[in-house]
Amino acid sequence: MDRVGWGIIGTGKIADKFVQDLKRVPHADLIAVGSRSQSGADTFGGRHGIPHRHARYIDLFHDPEVDIVYIAVPHPGHAPLSIQAMALGKAVLCEKPFAVNARQAKDMVGEAERIGGFLMEGMWTRYLPAMRRVKALIEEGRIGSVCSIEANFGFLAPEDPDGRLFALELGGGALLDVGVYPVSLAVGLLGAPDTIHSWAKIGTTGVDENCSAILGYRNGSQAIIHASIRHKTSQQAWICGTRGRILIHAPWWRASHVSVWTGEDPVEETAEVPFEGNGFQFEIEEAMHCLHEGRSESAAMPWSDSIRVMEVLDRIRGQWGLRYPEDRA
Ligand SMILES: NC(=O)c1ccc[n+]([C@@H]2O[C@H](COP(=O)([O-])OP(=O)(O)OC[C@H]3O[C@@H](n4cnc5c(N)ncnc54)[C@H](OP(=O)(O)O)[C@@H]3O)[C@@H](O)[C@H]2O)c1
């Protein structure tokens, strides 16, 4: 495989973890970092030994040695920066949630189509070995048809009204930050729901701090999701079918254990699917594989799924009247 030059924009928590895993991937060259400031680029670049350190994101998009940009800024930056990077000829791996709303997600895909470029959502859970195991179990018919999904992602975030988890203008709230994982699981396995019933506790900064939704399907299936930035939940995901059930052990979005019970064989079978590092190497490998094959999108997280997930998130928060500045554009 040809070497691939990576550029990172945003120098926060997730960029740090991502870069640790990038170093594990053969043929991945960490070329550049872009920050809103020279000091930010220099600090991050120095810590990770990155040769090109840009004081503006746009300068990284012009860097001729960068093939693919990893977008690791707060949600409102995802769409505009992905579109700008693609327009300047770069492939893009954009952090979750793909955008703030479905309109932005469609604009991103529109730009990728216009230039024939590569674009992928960094919904890293989808590329983990444990999730591949779950997909295989379902495709083998081990649990029959999927009837219900119960998945949650709740954690206790430090109190910070100006931080990206709580600030409305930074796309704050539990649903977009962590609810996107169970919604993506449901959409990936059951598709777009026909009905949605949801509830949220909106906090003093105007964002949802604790929320749940029941996604209903005309065929009788359902997905029950719960997200919180105010408390830790069981962090498990259950997938129940007509013949059995699967447990993706906590924390399910970076699972290394999957158990299955089947109707005829009620004994639990647990598979260990461990990995080293933080788990980002699998999405990095997938993006590089797609680039190598000349693909514009990943089959594991196609554009249509990224848009559908955003549509479900729009519908859920629409029931609470939660609007972000991007919804007015
Ligand atoms: N896949 C995962 O597991 C995972 C986990 C956590 C977060 N994420 C996603 O990654 C994105 C970043 O999350 P994070 O936890 O890394 O955030 P963070 O620690 O707050 O860092 C975000 C970085 O973005 C840049 N930035 C650009 N505009 C900003 C603004 N207006 N305010 C604050 N920072 C701004 C800053 O870097 P510079 O100043 O250097 O430009 C900052 O360091 C989010 O969209 C989140 O959903 C994904």
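Start in the loop between strand E5 (91-95) and helix H5 (102-115), where you will find proline 97. Show the backbone here: the peptide bond from lysine 96 to proline 97 is cis, with omega near -15°. Keep in mind as you look that this is a predicted model.

Next, jump to the loop that links strand E12 (244-248) and strand E13 (257-262), and pick out proline 251. What kind of peptide bond joins alanine 250 and proline 251? This bond is cis, and its omega is about -15°.

Histidine 27 is not a glycine, yet its phi is positive, at about 70°.

**The two domains**

Now zoom out and colour the chain by domain. The domain assignment gives domain 1 (4-123) and domain 2 (129-274). Taken over C-alpha atoms, the centres of domain 1 and domain 2 are 27 Å apart. Where they touch, domain 1 supplies 7 residues and domain 2 supplies 6 residues. On the domain 1 side of that contact, you can count 5 nonpolar residues, 1 polar and 1 charged.

**The ligand**

Select the ligand and the residues around it. Why does the ligand lie between the domains? Both domain 1 and domain 2 give residues to the shell around the ligand, so it lies between them. The shell holds 21 residues, and those that come nearest are Gly10, Thr11, Gly12, Ser35 and Gly40. Colouring the shell by class shows 7 nonpolar, 8 polar and 6 charged residues.

**A pair of helices**

For the last stop, select helix H7 (residues 174-190) and helix H9 (residues 303-318). These two pack at an angle of about 120°, with their axes 9 Å apart. That angle makes H7 oblique to H9. The crossing of H7 and H9 is right-handed.

Show the side chains where they meet:

- From H7, select Leu175, Leu176, Val180, Val183, Ser184, Val187 and Gly188.
- From H9, select Asp305, Arg308, Val309, Val312, Leu313, Ile316 and Arg317.

How many residues of each class does this contact have? By class, the contact of H7 with H9 has 9 nonpolar, 2 polar and 3 charged residues.

How values were computed: Residues are numbered from 1 along each chain as its sequence is written. This is a predicted model: local features need pLDDT of at least 70, side-chain atom pairs count only at pLDDT 80 or more; totals for chains, interfaces and linings use all residues. A residue is near a molecule or strand if its C-beta atom, placed from the backbone, lies within 6 Å of it. Ala, Val, Leu, Ile, Met, Phe, Trp, Tyr, Cys and Pro count as nonpolar, Asp, Glu, Lys and Arg as charged, and the others, Gly among them, as polar. Domain bounds come from an automatic or database domain assignment. Axes are lines fitted to C-alpha atoms, for helices over the stretch in contact, and angles run from 0 to 180 degrees between N-to-C directions. Helices (H or I, at least four residues) and strands (E, at least two) are DSSP runs, numbered from the N terminus. Angles under 35 degrees count as roughly parallel, over 145 as roughly antiparallel, 65 to 115 as roughly perpendicular and the rest as oblique. A crossing is left-handed if the near helix is turned anticlockwise from the far one by less than a right angle, and right-handed if clockwise. Two residues are in contact if their C-beta atoms, placed from the backbone, lie within 7 Å.
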